[in-house]
Amino acid sequence: MKETKFDGSVVALPDTVALDDERSALVIIDQTQLPRRLELIALTEQVQIFEAIRSLRVRGAPAIGVSAAIGYYLAAKQLVNCGDKSIFFQKIGAAREYLASSRPTAVNLFWALDRMQNVTDTHSNLSVVEIVTKLHEECLKIRDEDIESCRRIGENGLKILGRSRNILTHCNAGQLAAVRYGTALAPIHLGHERGIDFKVYCDETRPLLQGMRLSAFELAANGIDTTVICDNMVSSLMSQGKIDAVIVGADRIAANGDTANKIGTSGVAILAKYYNIPFYVAAPKSTFDMSTPTGKDIIIEQRDPSEIGELWFSEPLSPDGAKTYNPAFDVTPHELITGFITD
Ligand code: MRU
């Protein structure tokens, strides 16, 4: 396992998303294999990058955004010899649309692709080779900004958490959901390095189990006290006074503060309100979408029903004749959110 630094100490995971210039490839940790296998895969073709985002090999709003930016750059690089500049503009525009159609909810995907497209449009007077060089710079800038903003969220989160030590999180908004560090889990990683003994409860997060497979994996890998619970155990824990604070990430925050995040988040927020426990959303600026007025305007991804009744079982468990409803996200109304931890 490659080792990367987090503020001076060691975090035993490679970057979740990287650009390999030599191979002209997007290199990601294949999260569908975790926690059993830590596998890096190199993706060179648009269809592979699209599939990786759609099937959650790479997932989490910031990581999706950085992957799409690198994917856009790689598409442009492949078009260097397309002959005609107008063909370049037409094909890179099509690549943007294609990548943008991989998943609908996380705004970081569109934000990153818009930034890349903006570079193309702004430098349309340059040669294709020069535009591609600018796009290379921009995708690395987006990557670096992600690392820096997550680090800052870690610092800010640590201050906001104060003396809270028993933390509940839902889904994975950790280093596996960004390039490094993560959003909701950044304060935990940072605090742990500074000798703070957090105890973190991870909701398993049905149906795709990002809490158990990913959050618990990265926390335990970094030596943090980690406990996995089923999603329906939250109320029981809270009622016993075992949770001091909840921190989750976000896929899109509407202008009024309503927040789309992994399905189940709003239920946790309602319980936190009932038990008078602070509920924080940690997210970088790129997750705030001022063009979406309220949570009602956020498109919620619907996913394959087989994720509920078949994926983790040796044979299908959902009976014939029963329908399945599988929204990937829900919206937490802003009034249930104690505060946003941002960069
Ligand atoms: O479907 P996923 O795994 O991409 O959903 C991820 C989440 O809901 C995360 O909480 C969110 O993207 C924030 S990641 C910092």
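Trainee: What should I know before I start?

Mentor: Residues are numbered from 1 along each chain as its sequence is written, and side-chain values use heavy atoms, with hydrogens and water left out. As this is a predicted model, local features need pLDDT of at least 70 and side-chain atom pairs count only at pLDDT 80 or more, while totals for chains, interfaces and linings use all residues.

Trainee: Let's take strand S4: is it mostly covered or open?

Mentor: Helices (H or I, at least four residues) and strands (E, at least two) are DSSP runs, numbered from the N terminus. Buried means under 20% relative accessible area, exposed over 50%, and partly exposed in between, using a 1.4 Å probe and protein chains only. S4 covers residues 25–29, and five of its five residues are buried.

Trainee: And which residues sit on each side of S4?

Mentor: In a regular strand, side chains alternate between the two faces of the sheet. Here Ala 25, Val 27 and Ile 29 take one side, with Leu 26 and Ile 28 on the other.

Trainee: Which strands does S4 pair with?

Mentor: Two strands pair if DSSP finds at least two bridges between them. S3 (residues 17–20) runs antiparallel to S4, joined by four bridges, and Val 17 has Ile 28 as its bridge partner. These two strands make a hairpin with four residues between them, and Ser 24 in the turn has a positive phi of about 45 degrees. S5 (residues 40–43) is also antiparallel to S4, again with four bridges; there, Leu 26 stands opposite Leu 43.

Trainee: How many aromatic pairs are there in the whole structure?

Mentor: Rings of Phe, Tyr and Trp (its six-membered ring) pair if their centres lie within 6.5 Å; planes under 30 degrees apart are stacked, over 60 edge-to-face, and the rest tilted. The search turns up four pairs. One of them, Phe 50 with Tyr 98, is stacked, at 4.6 Å centre to centre and 10 degrees between the planes. Phe 50 is in helix H1 (residues 46–54) and Tyr 98 in helix H3 (residues 85–100), so the pair ties together parts 48 residues apart in sequence.

Trainee: Why is the pair of Phe 88 and Phe 89 edge-to-face?

Mentor: Because their planes are at 70 degrees, with ring centres 5.7 Å apart. Phe 88 is buried at 0% relative accessible area, whereas Phe 89 is partly exposed at 27%.
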